[in-house]
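Me: Please take a close look at one helix pairing in this model. Then walk me through the other parts that help me read it.

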Amino acid sequence: MKEILNASTAHTGQRQRNAAIVENAATGEGVLIDCGICKRDFFARAEEAGFDLGRLRAVVVTHDHGDHTKGLGVVLRGLAKAGARPAVHASEAVFAASAPLRDAVASVGAAFEPFGGGDVLEAAGLAVRPFRTSHDAADSYGFRFDELTGASEGCDSLGYMTDTGIVTDKAWEALSGVRLLALESNHDARMLEVGPYPYVIKQRIASARGHLSNDQAREALDNLAHENLRAVAAMHVSQENNTYRLPRETFEAVIAEHGLSTTVSVAFQNRLVTIG
């Protein structure tokens with residue numbers, strides 16, 4: 001299993017885009033997580049990664065904010081022209097709250113299949129397990145992906161969590177023991193405090209329904225690190241309230257403390273990052 005990441009964050013301004021594809025390396029099939037990215041960039045990143053978009057089997061949506069949904073309509077229409085019609089999965093609350101999501105599904109007549117916490121979806125030869133996160137949205141989720149091999153042990157696994165102000169109990173459970181981990185490390189607390197955002201936005205980001213700071217991500221990784229963790233990526237890194245260096249150094253320090261050989265990556269804006 002591998003993950004093709006193009007995840008970026010800017011809470012103000014115009015560059016708000018998030019998208020990731022989880023590929024089953026055994027079959028070449030994939031699942032798209034969110035789509036705030038434009039069609040041109042989405043297709044270009046997939047080609048750069050060597051992923052055949054005709055083998056995209058499903059879309060799963062974390063939550064209803066526009067930087068995770070606003071590109072889905074044009075992307076689905078582009079996929080339909082290429083003969084690909086992935087099913088779209090989101091919670092009922094997210095679907096009701098997101099006009100871009102509803103419009104995207106309607107524009108191509110896509111199959112919409114709602115999920116809730118505790119459900120297990122099957123797509124691209126993967127079991128997809130949504131788990132609740134804590135964010136100021138109508139509803140919000142992360143995902144765990146496991147290979148559907150029929151074996152009770154040794155299955156490949158990937159955990160994906162962004163857009164959460166805390167690590168929920170369900171998240172701890174879902175992310176335990178994964179081989180690949182995509183983990184939010186949104187902001188540096190000091191940079192956020194002295195940065196240019198209005199006070200109310202700073203409060204929102206730092207709240208329990210906001211985003212994980214570098215320090216919170218460090219604590220999470222410290223608890224989730226294990227000897228079979230092959231790769232971890234710092235996700236949803238703010239351009240205004242973080243640097244790309246800080247999450248990398250933070251994660252590398254945790255990996256070193258555990259004596260692991262885990263590869264550390266950072267999901268840059270406007271750049272393809274692949275882990276796995």
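Reply: Helix α8 passes α9 in a right-handed crossing. This is a predicted model, so read each value below as computed from that prediction. The axes of α8, residues 214–224, and α9 come within 10 Å. They cross at roughly 25 degrees. Angles under 35 degrees count as roughly parallel, and α8 and α9 are therefore roughly parallel to each other.

Now the residues. On the α8 side, Asn214, Ala217, Arg218, Leu221 and Asp222 make the contact. On the α9 side, they meet Leu246, Pro247, Thr250, Phe251, Val254 and Ile255. By class, the α8 contact with α9 has seven nonpolar residues, two polar and two charged.

His236 lies in the loop between β11 (231–235) and α9 (245–257). Its backbone stands out: His236 is not a glycine, yet has a positive phi of about 55 degrees. His236 has 1% relative accessibility and counts as buried.

Asp34 sits in strand β3. At 1% relative accessibility, Asp34 is buried.

Helices α2 and α4 pack at an angle of about 15 degrees. Their axes are 8 Å apart. That angle makes α2 roughly parallel to α4. The crossing of α2 past α4 is right-handed. From α2, the contact uses Leu72, Gly73, Leu76, Arg77 and Ala80. From α4, it uses Leu101, Ala104, Val105, Ser107 and Val108. The residues of this α2 contact with α4 divide into seven nonpolar, two polar and one charged.

After α2 comes Gly83, with a positive phi near 90 degrees.

Follow the chain past α4 and you reach Pro114. Pro114 is placed in the loop between α4 and β6 (121–123). At 37% relative accessibility, Pro114 counts as partly exposed. Leaving aside neighbours within four places in sequence, Pro114 is in contact with Ala90 and Glu92. The C-alpha atoms of Pro114 and Val60 are separated by 9.5 Å. Those two residues are 54 residues apart along the chain.

Last, the cysteines. A search of the whole structure finds zero disulfides. Take Cys35. The closest cysteine sulfur to its own is in Cys38, 8.9 Å away, too far for a bond. A disulfide needs the two sulfur atoms within 2.5 Å. Cys35 is buried, at a relative accessible area of 1%. Cys155 is partly exposed, at 28%.

Key: Residues are numbered from 1 along each chain as its sequence is written. This is a predicted model: local features need pLDDT of at least 70, side-chain atom pairs count only at pLDDT 80 or more; totals for chains, interfaces and linings use all residues. Side-chain values use heavy atoms; hydrogens and water are left out. Helices (H or I, at least four residues) and strands (E, at least two) are DSSP runs, numbered from the N terminus. Axes are lines fitted to C-alpha atoms, for helices over the stretch in contact, and angles run from 0 to 180 degrees between N-to-C directions. Angles under 35 degrees count as roughly parallel, over 145 as roughly antiparallel, 65 to 115 as roughly perpendicular and the rest as oblique. A crossing is left-handed if the near helix is turned anticlockwise from the far one by less than a right angle, and right-handed if clockwise. Contact means heavy atoms within 4.5 Å. Ala, Val, Leu, Ile, Met, Phe, Trp, Tyr, Cys and Pro count as nonpolar, Asp, Glu, Lys and Arg as charged, and the others, Gly among them, as polar. Buried means under 20% relative accessible area, exposed over 50%, partly exposed in between (1.4 Å probe, protein chains only).
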